[in-house]
Amino acid sequence: MAMARLARQICAVLALLGASLAMADDPYRFYTWTVTYGTISPLGVPQQVILINGQFPGPRLDVVTNDNLVLNLINKLDEPFLLTWNGIKQRKNSWQDGVLGTNCPIPPNSNYTYIFQPKDQIGSYTYFPSTALHKAAGGYGALNVYQRAPIPIPYPPPDGDFTLLIGDWFKTSHKTLRQTLDSGKSLPFPDGVIINGQPQATFAGDQGKTYKFRISNVGLSTSLNFRIQSHTLKLIEVEGSHTVQNIYDSLDVHVGQSVTVLVTLNQPPKDYYVVASTRFTKTVLTATAILHYSNSHSSVSGPLPAGPTIEVDWSMKQARTYRWNLTANAARPNPQGSFHYGKITPSRTIVLANSAPLINGKQRYAVNGVSFINADTPLKLADYFNIPGVFRTDSLQTSPSGGSPSIATSVIPASLHDFIEIVFQNNENTVQSWHLDGYDFWVVGYGNGQWTPASRSSYNLVDTLTRHTAQVYPNSWTSIYMSLDNQGMWNVRSAIWEQQYLGQQFYLRVWNPVQSLANEYNIPSNALLCGQAVGRHH
């Protein structure tokens, strides 16, 4: 049986590649993951969570740039399920993105084999469930992409490598939370914060050595500040970008974001607090872990290191200090700074304003007045099979119109190889977090109040970094530049999961009418079909 399953997986790989040999010389890594429910106590109270291979968080994927990942996901839950690979660009391959606009969910007691590459990527990423508020029950994990052997990194190899998944957490079951949202109400305030799914993790190292800490905010709703008692954090990488290596006492990590730092154990030998605490909340929730020196004979002591709480300006100023290391390479040999993004004039500007309207008496969230609803058929399949009426390309305007809020399955069309500017305008009193599948982008500006064309004078057009998730501060704006070099149907969403679930998302259809494997891979032979795509041949 095992050999037969392996043979089927290899056939699926070959079918996906079709005539393309782009992935043929890169190693293959095979995984089988089984998704189940289990009972654990992340906040000291037993509750049902989602496990992968019996683990929470799920297994850590440690891979190398361009590896071919063949991952058979077996769904043993009582509901359809999908995983999405947060920050993995899925080059020419939105078929594998794992969101409801690209993939049919995996039915209970069924399976689907994902086949994809972290093509030309390095860095710290995550995966998590994209379906039915399953993320509130766990099912998430780390995905670390290491550089290929001949590619240098712009810092000495660290003596160890730690992965920290930090996030807010609810004691309430995900099904109850989902019922709350479905009834038109907002989620309650989280019950706590967890680090690696447990009340208190320990990270051990040797005095005098330097360790890499990969920190990702996998929570549902809350920005977090990360810090280590008596130690500084040297920022080296953000979501695939090697950065100017500034030193910080603490770092804000917003929902859906990842940062990587170096920490040198240069203090007296004892144990120290590792802290993640909520930002911009009236009540501050805190999680702690332990940094243990191997020659320590003293347990943690003293007050927790203080961090920022509600200060917005502090966070915006810190965000502006994140800079691209122009002379360092990332996954490829050429320096990051060899692409002069600031010298390209965008062909198009899209202004996206988030809002929180009541529609039919229920709480919804919207983009330019349109609140997204998922269709019965993935938009990618509807596009491929030319099934009419599944989505609309005229419902979502590319700037706020001020009209009455509406509900639609909204898609913004765009042309492959365009270079565009997107402005996220936040007129609300809470921090927003926006994520784009299939891409990273240059975060060229943050500002207060309303964005205007004059705001461009404050843009960083020289050395801002690229990332996949950008925060937008209260009553403020964030601007990004994007090179649309990846054909497909790509989810643009709030990373704050209540808002995503209740409509603050849409899809960007990046398209070139010339059918070519150079632009996009063929539909996989094992693609699940659902909705109006059932019975279609591919």
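Visitor: Over how many bridges do strand β13 and β19 pair, and in which sense?

Guide: This is a predicted model, so the answers rest on computed values. Strand β13 covers residues 224-228. L224 stands opposite T278 in β19. The two strands pair in the antiparallel sense, over five bridges.

Visitor: How many of the eight residues of strand β19 are buried?

Guide: Take the two faces in turn. D271, Y273, V275 and S277 point one way, and all are buried. Y272, V274, A276 and T278 point the other way, and these are buried too. Strand β19 is therefore largely enclosed by the rest of the structure, with a buried count of eight of the eight.

Visitor: How many of the eight residues of β20 are buried?

Guide: Buried here means under 20% relative accessible area. β20 is largely enclosed by the rest of the structure, because the buried residues number six of the eight.

Visitor: Which residue of β20 is the bridge partner of F203?

Guide: Start with strand β11, residues 202-205. This strand and β20 pair in the parallel sense over four bridges. In β20, the bridge partner of F203 is L291.

Visitor: Which are the edge strands of the open sheet of four strands?

Guide: The order is β3-β8-β7-β5, with mixed pairing. An edge strand pairs on one side only. That picks out β3 (61-64) and β5.

Visitor: By what angle are neighbouring strands of this sheet turned against each other on average?

Guide: Direction is ignored in this value. The average turn is 25°.

Visitor: Which residue of β8 stands opposite L61?

Guide: Strand β8 covers residues 141-146. Four bridges join β3 to β8, and the two run parallel. Opposite L61 stands L143.

Visitor: How many residues apart are W33 and W85?

Guide: Both W33 and W85 are buried. W33 is in strand β1 (residues 28-40) and W85 in strand β5 (residues 83-86). The pair links distant parts of the chain, 52 residues apart.

Visitor: W33 also pairs with Y127. What parts of the chain does that pair tie together?

Guide: The W33 and Y127 rings form a tilted pair, 4.9 Å centre to centre with 45° between the planes. Both residues are buried. Their positions are 94 residues apart in sequence, so the pair ties together strand β1 and strand β7 (residues 123-129).

Visitor: Which charged residue lies over the face of W95?

Guide: A charge sits over a ring if it is within 6 Å of the centre and within 35 degrees of the normal. K135 sits over the ring of W497, 4.8 Å from its centre. Over W95, at 4.8 Å from the ring centre, lies K380.

Visitor: What lies 2.7 Å from a polar atom of the side chain of T377?

Guide: T377 is in the loop between β25 (370-372) and α4 (379-384). T377 is buried, with a relative accessible area of 1%. A polar contact of 3.0 Å joins its side chain to that of D376. At 2.7 Å lies the backbone nitrogen of Q532.

Visitor: What is the relative accessible area of I194?

Guide: I194 lies in strand β10 (residues 192-195). Leaving aside neighbours within four places in sequence, its contacts include P42, L43, F56, Y140 and W169. I194 is buried, with a relative accessible area of 0%.

Technical notes
Residues numbered from 1 in each chain as written. Predicted model: local features only at pLDDT ≥ 70, side-chain atom pairs only at ≥ 80, totals over all residues. Heavy atoms only, no water. Buried < 20%, exposed > 50% of the residue type's maximum accessible area, 1.4 Å probe, protein only. Phe/Tyr/Trp six-rings, centres within 6.5 Å; stacked < 30°, edge-to-face > 60°. Polar contact = N/O pair within 3.5 Å; in protein donor to acceptor, adjacent residues only side chain to side chain. Pairing = 2+ DSSP bridges. Axes fitted to C-alpha atoms, helices over the stretch in contact; angles between N-to-C directions. Contact = heavy atoms within 4.5 Å.
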